[in-house]
Amino acid sequence: MPNCSPMCGRFALITPPVRLARYFQATLDDGVDPERRPSWNVAPTTQILGITAQRADGAAGLTRTISSLRWGLIPSWAKDAASGSRLFNARGETVSTKPSFRAAFKARRIIIPADGFYEWHKPSSGAKVPHYFTRADGEPLAFAGLAEWWRDKNAPEAPPIRSCTIITTPASQDMDGIHDRMPVILNPDTFDVWLDPEGDDPGELTSLVHAAPVGTVVHHAVGQRVGSVRNNDAELISPI
């Protein structure tokens with residue numbers, strides 16, 4: 001496996017869930033530790049956080065919940081869980097039609113919170129240089145994502161696995177040519193539209209699957225240590 005992953009294959013989640021709950025106006029699921037340890041090097045197949053929404057009976061608004069999911073979507077029809085190691089991204093251009101994602105796009109849209117993400121720039125000569133991207137305003141990132149449930153038919157007694165993927169889109173100028181794609185980053189005024197489980201207008205939903213406005217994210221180069229998932233400390237996001 002190469003030292004760096006395709007877009008978007010590494011990110012940082014540093015903000016404690018209890019603070020994320022306040023920002024996203026959500027409650028924490030029973031299985032989420034309010035003081036969950038930070039990670040500066042989140043990689044596919046690990047457990048991450050995802051935000052879902054439900055409509056309570058008789059309520060006009062949505063109720064948001066932060067839960068734990070495995071990063072790397074396993075389609076419900078998959079024979080085994082191995083596909084999850086590959087489907088950690090979904091291309092926005094085909095997310096509503098590709099068999100692996102279309103059911104989740106229709107009914108199981110989520111927000112994946114992050115503090116920053118990494119991408120690698122290949123200069124004309126020399127080694128690839130990792131860059132760390134964050135919101136310019138310092139707020140948490142809200143990646144557009146999808147969730148799915150999968151149950152091992154060969155082990156019916158085993159609990160189902162809840163997995164997820166991050167949607168990507170052609171990059172804006174904010175990527176500075178470092179990569180030709182970037183994660184779809186939602187603004188707060190679109191959270192409910194994206195999360196609404198009853199939202200079924202394909203045009204309205206696909207209109208959100210695009211690059212965030214120029215100026216949304218900023219970046220700086222970081223050290224090569226982030227290339228190994230064995231490294232996970234605050235030094236990984238320090239500028240070089």
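This is a predicted model: local features need pLDDT of at least 70, side-chain atom pairs count only at pLDDT 80 or more; totals for chains, interfaces and linings use all residues.
I started at P113, which stands opposite A142 in strand 10. Residues are numbered from 1 along each chain as its sequence is written, and side-chain values use heavy atoms, with hydrogens and water left out.

**Strand 7**

I checked how strand 7 and strand 10 (residues 141–150) pair: the sense is antiparallel, over six bridges. Pairing here asks for at least two DSSP bridges between the strands. Strands are DSSP runs of E with at least two residues, helices are runs of H or I with at least four, and both are numbered from the N terminus.

Next I looked at burial, with buried meaning under 20% relative accessible area, exposed over 50% and partly exposed in between (1.4 Å probe, protein chains only). Strand 7 covers residues 109–114, and six of its six residues are buried. In a regular strand the side chains alternate between the two faces of the sheet, so I went through each side. R109, I111 and P113 are buried on one side, and I110, I112 and A114 are buried on the other.

R109 came up again in the ring search: its charged end sits over the ring of W194, 5.9 Å from the centre. The test is NZ of Lys or CZ of Arg within 6 Å of the ring centre and within 35 degrees of the ring normal.

**Aromatic rings**

I got nine aromatic pairs for the structure. Rings of Phe, Tyr and Trp (its six-membered ring) pair if their centres lie within 6.5 Å; planes under 30 degrees apart are stacked, over 60 edge-to-face, and the rest tilted. One of the pairs is F11 with F143, edge-to-face at 6.1 Å centre to centre and 85 degrees between the planes. F11 lies in strand 1 (residues 11–13) and F143 in strand 10, so this pair ties together parts 132 residues apart in sequence. F11 counts as buried because its relative accessibility is 0%, and F143 is buried at 0% as well. I also found F11 and F143 in one aromatic cluster with W71, F88, F117 and F133.

**Cavity**

How many cavities of 30 Å³ or more turn up in the whole structure? I found one. A cavity is a set of points on a 1 Å grid over the protein atoms alone where a 1.4 Å probe fits but cannot get out, and lining residues have an atom within 4 Å of a point. The largest cavity holds about 30 Å³ of space. Its lining is L13, I14, T15, P17, R36, R37, P38 and L49. I sorted that lining into five nonpolar, one polar and two charged residues.

**Loops**

Most residues other than glycine have a negative phi, so I listed exceptions. T45 has a positive phi of about 80 degrees. T45 is in the loop between strand 3 (39–42) and strand 4 (47–55), and counts as partly exposed at 40% relative accessibility. D176 also has a positive phi, about 50 degrees. D176 sits in the loop between strand 11 (161–170) and strand 12 (181–183), and counts as exposed at 53%.

D201 is partly exposed at 40% relative accessibility. I put its C-alpha atom 30 Å from that of P44, 157 residues away along the chain.

How values were computed. On a 1 Å grid over the protein atoms alone, a cavity is a set of points where a 1.4 Å probe fits but cannot get out, and a pocket is an open set with protein on both sides within 12 Å along at least five of seven lines; lining residues have an atom within 4 Å of a point. Grid points are joined across faces, edges and corners, and a volume is the space filled by probe spheres set on the points. Ala, Val, Leu, Ile, Met, Phe, Trp, Tyr, Cys and Pro count as nonpolar, Asp, Glu, Lys and Arg as charged, and the others, Gly among them, as polar.
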